[in-house]
Amino acid sequence: SGKYIASTQRPDGTWRKQRRVKEGYVPQEEVPVYENKYVKFFKSKPELPPGLSPEATAPISASRPEGGEPALSKTAKRNLKRKEKRRQQQEKGEAEALSRTLEKVSLGETAQVPSAPQASRAVPTAASDQSDSATTTEKAKKIKNLKKKLRQVEELQQRIQAGEISQPSKEQLEKLARRRALEEELEDLELGL
């Protein structure tokens with residue numbers, strides 16, 4: 001009246017008991033995985049359209065350029081070019097950022113000397129040597145940055161005049177002293193655009 005599953009040894013060396021099972025029992029490992037109608041339909045569907053022989057498609061999928069890479073579509077090629085261009089611009093931007101920080105350090109040192117406007121005029125001429133599109137964006141960024149600094153200077157001056165700040169710090173006084181140099185640099189950049 002039924003079957004028995006033989007006793008088996010576990011990995012640790014102990015033994016499992018012999019088990020009695022009913023007729024028609026299928027072990028869990030042998031039970032097929034359930035597939036709904038949708039999955040069954042697509043598994044039974046041929047990969048190629050009806051009437052197309054597999055030999056006709058074999059050379060197309062096997063063709064590769066000399067480099068061994070699969071052939072790229074127009075969009076994929078365009079995306080690769082964009083990615084490469086972005087990477088180059090990022091590298092260029094990092095170099096420009098470094099040069100800008102050096103310029104700011106030199107501008108900060110010359111701000112104490114009366115010849116600061118001359119140093120600020122030299123920056124746009126150096127930038128004009130670069131490509132047009134890159135320079136216009138750089139100039140726009142620089143103009144935006146200068147306007148922000150001027151706005152901060154004006155706010156600071158208003159706060160001092162209103163009496164909110166009775167004893168301005170050394171940095172605040174330096175910021176106020178740089179106002180004229182910032183205005184001249186902004187004028188030069190705006191005329192350069």
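1. Basis. The structure is a predicted model, where local features need pLDDT of at least 70, side-chain atom pairs count only at pLDDT 80 or more, and totals for chains, interfaces and linings use all residues. Residues are numbered from 1 along each chain as its sequence is written, and side-chain values use heavy atoms, leaving out hydrogens and water.

2. Confidence. The mean pLDDT (the predictor's confidence in each residue, from 0 to 100) is 78 for the chain. A score of at least 70 is reached by 77% of the residues. Strand 2 (residues 19-21) has the highest confidence, at 89. Helix 4 (residues 116-127) has the lowest, at a mean of 45.

3. Over residues 109-130, pLDDT stays under 50. The model has 19 contacts (heavy atoms within 4.5 Å) beyond four places in sequence for this stretch.

4. Fold. The chain has seven helices and two strands. These are DSSP runs, numbered from the N terminus: helices are H or I with at least four residues, strands E with at least two. The order from the N terminus is β-β-α-α-α-α-α-α-α. Among contacts with a separation of 6 or more, 43% join residues 24 or more positions apart.

5. Surface. Of the 193 residues, 12% are buried (under 20% relative accessible area; exposed is over 50%, partly exposed in between; 1.4 Å probe, protein chains only). The buried share refers to the chain. Its accessible surface (Shrake-Rupley method, 1.4 Å probe; for residues, only the protein chains shown count as cover) is about 16,200 Å². Carbon and sulfur atoms hold 54% of that surface.

6. Ala6. This residue sits in the loop between strand 1 (3-5) and strand 2. Ala6 counts as exposed because its relative accessibility is 55%. Arg16 is ten residues from Ala6 in sequence, and their C-alpha atoms are 8.7 Å apart.

7. Second largest pocket. Twelve residues line this pocket. Gln89, Lys92, Ala134, Thr137 and Glu138 lie nearest its centre. Helix 3 (74-110) and helix 5 (132-162) are the elements that give two or more residues to the lining. Helix 3 gives the most, with six. A pocket here is an open set of points on a 1 Å grid over the protein atoms alone, where a 1.4 Å probe fits, with protein on both sides within 12 Å along at least five of seven lines; lining residues have an atom within 4 Å of a point.
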